[in-house]
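Hello,

Here is the structure we talked about handing over.

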Amino acid sequence: MKKIFVSIFVLATAMPVVAQETYENAKIATEDLNGTARYVGMGGAMDALGADISTIGSNPAGIGLFRKSNISASFGFNTQEGAKDFAGSNKTRMSFDQVGFVYSVRTGESSYTNFAFNYHKNANFGFILSAEDRLSHASQNKLTYAKAKNGLLYDGTDSRGWPNIDSPFASCNQLDDMYTRNLNFDTDDNVWYYDEASAYTLNRNHKGYIGEYDFNLSGNVNDRFYWGFTVGIHGVHYKHYGEYEESLDGFKIRVSDDRRISGTGFNIKGGVIIRPIEESPFRFGLSVATPTFYNLTTENSTSMILTDAYGTSVTNNEKLDFKLWTPWKFGLSLGHTVGQMLALGAGFEYADYGSLDTRYKTGRYYDYWTDTYRENSSSDSEMNRHTEQTLKGVYTLKLGAELKPVPEMAVRLGYNYVSPKYQEDGFKDGTIQSEGSYFSSATDFTNWKATNRITCGLGYQVGDVNLAFAYQYSTQKGEFMPFMNYIDNEIAADDNLCDPVEVKNNRHQVLFTIGYTF
């Protein structure tokens, strides 16, 4: 796999944008399979079967199949397979995953109107990333040199002939700036140079979650047509700490990066479930979800330490506000039951992540109708063009089955497949004319492949109390790169190339749910 940019650039005036970068934003837009133990145990294939609180966020019409009120809560443990300890990380974590209720009101002989609320952990960021490899005639600071050679870092020189470091282009990121001040530019001879590395290591500990709070209104008409609407509020709590180290000629350089992303977002979801044949329990569902409209803040502290004769150390701290709009999501689902013993479900969802909209704030305006101030925003066209080239449409396939050998007991199996989000030749482009590039404090990226999830579970009912257990094994491979590759069309020695390293994100989840029907 080759990630390449060539030494011919068209320079544009740096726009006054404040937005985040494609690979960081893709993390925020990612969703996990999580919810009640029944929902997880059946691979999430409950959208047309309904009558489970977790369908509130996938097909809201599923809440319309409740005929009694219900309250439930879920918790469990998550473990990353094969992870090594780093920075006080813990590869096994306890997690509170869901709590919610449904209040059901009969409005006719076989019709109901239901109100529901549910909290669930939409994404769990807990993950330890480790990668290392040899390097040949390459290094992270050599990439900075290549950008300087092509005039991409600074707007001219100062009175001494040195780079005008107080006036960077947007494609000069924090690392470029730190390398220039401490390694790449020789102020004595007034020349640029670079150091090649023989090897690198990276360790990064990701933490946090996205919590989703869903409010639902739903119902059914004559037990044939089910409808539902959900308003979702998202709270983002993400942070990571990483250390990237290169072995250069006679010394090492280590870059430490501590980043946080926080904020809120909201979306609206709607769905229907239809039982087309009165004599048959077969039904199908349709659902749609608007983008999640995020208002986010990212903060980072990046330190560089050179273990050379001077023992150089420098730190940058940055903070910015930006907006992110995730793609629309569309769903189709099928459900069928055989008596009281067997339930079968299937679902298909699609979202085009290439349409992920990174936005910067352009000021505030006064809204006379609401007597409040609102924020204007505009798309970061340069970063969004890169996103369109790097990410793609993703489909999710859900399959599940539930068998009840006796009325009080249920055995569940499920499979959940998510297609790759990243293009095979995608890369983190540090030359984009966007402050999203500047505020990126790391040059590494991972192109993750498909996600496969295998699930199973058990359920048991004691009177009005429901107890459930689920197990989920999730596996995903990716190709890690410490920086983008560079090919110089004039001097082969200035090429900066590395090979991808395979990394994995394999996780085990154990989940428990307790519910009460009234």
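Predicted model: local features only at pLDDT ≥ 70, side-chain atom pairs only at ≥ 80, totals over all residues.

Residues are numbered from 1 along each chain as its sequence is written, and side-chain values use heavy atoms, with hydrogens and water left out.

Helices (H or I, at least four residues) and strands (E, at least two) are DSSP runs, numbered from the N terminus. Two strands pair if DSSP finds at least two bridges between them.

Start with E15, residues 342–352. Its side chains alternate. Ala343, Gly345, Gly347, Glu349 and Ala351 point to one face and are buried. Buried means under 20% relative accessible area, exposed means over 50%, and partly exposed is in between (1.4 Å probe, protein chains only).

E15 runs antiparallel to E14 (residues 329–338), with 10 bridges joining them. Ser333 stands opposite Gly347. The hairpin of E14 and E15 has three residues between the strands, and Gly339 there has a positive phi near 60°.

E15 also runs antiparallel to E18 (residues 393–406), joined by 11 bridges. Ala343 is opposite Glu402, and Leu342 has Leu403 as its bridge partner. E18 then pairs with E19, antiparallel, over nine bridges. Thr396 has Val418 of E19 as its bridge partner. Two residues separate E18 and E19 in their hairpin.

**Asp47**

Where is Asp47 found? In the loop between helix H2 (37–41) and strand E2 (70–80). Asp47 counts as buried because its relative accessibility is 5%.

Its side chain makes polar contacts with two side chains: Ser58 at 2.6 Å and Lys398 at 3.3 Å. A polar contact is a pair of N or O atoms within 3.5 Å; within protein, one must be able to donate a hydrogen and the other to accept it, and residues adjacent in sequence count only if both atoms are side-chain atoms. Contact means heavy atoms within 4.5 Å. Leaving aside neighbours within four places in sequence, the contacts of Asp47 include Tyr39, Ile273, Ser333 and Glu349.

A nonpolar core is a set of buried Ala, Val, Leu, Ile, Met, Phe, Trp, Tyr and Cys residues joined through side-chain atoms within 4.5 Å. The largest one has 56 residues, and Ile28, Val236 and Leu296 have the most contacts inside it. Strand E5 (residues 127–138) gives the largest share of this core, five residues. Not counting residues up to four places away in sequence, Ile28 touches Phe125, Ile210, Val236, Ile261, Tyr294, Leu296 and Leu324.

Val288 lies in strand E11 (residues 283–289). Val288 is partly exposed because its relative accessible area is 33%. Beyond four places in sequence, residues that Val288 touches include Ile268, Trp328 and Phe330.

**Helix H3**

H3 covers residues 140–149, and nine of its 10 residues are buried, so the helix is largely enclosed by the rest of the structure. Among the buried ones are Leu143, Tyr145 and Lys147. Gly151 follows H3 and has a positive phi, near 70°.

**Pocket and cavities**

On a 1 Å grid over the protein atoms alone, a cavity is a set of points where a 1.4 Å probe fits but cannot get out, and a pocket is an open set with protein on both sides within 12 Å along at least five of seven lines; lining residues have an atom within 4 Å of a point. Grid points are joined across faces, edges and corners, and a volume is the space filled by probe spheres set on the points.

The largest pocket has a volume of about 1400 Å³. It is lined by 45 residues, with Arg38, Ala51, Glu402, Lys404 and Gln461 nearest its centre. Elements giving two or more residues to this lining include E2, E15, E18 and strand E19 (409–418).

There are six cavities of 30 Å³ or more in the whole structure. Of its 17 lining residues, Lys147, Asn173, Gly430, Ala442 and Thr443 are closest to its centre. H3 gives the most to that lining, four residues.

Best wishes
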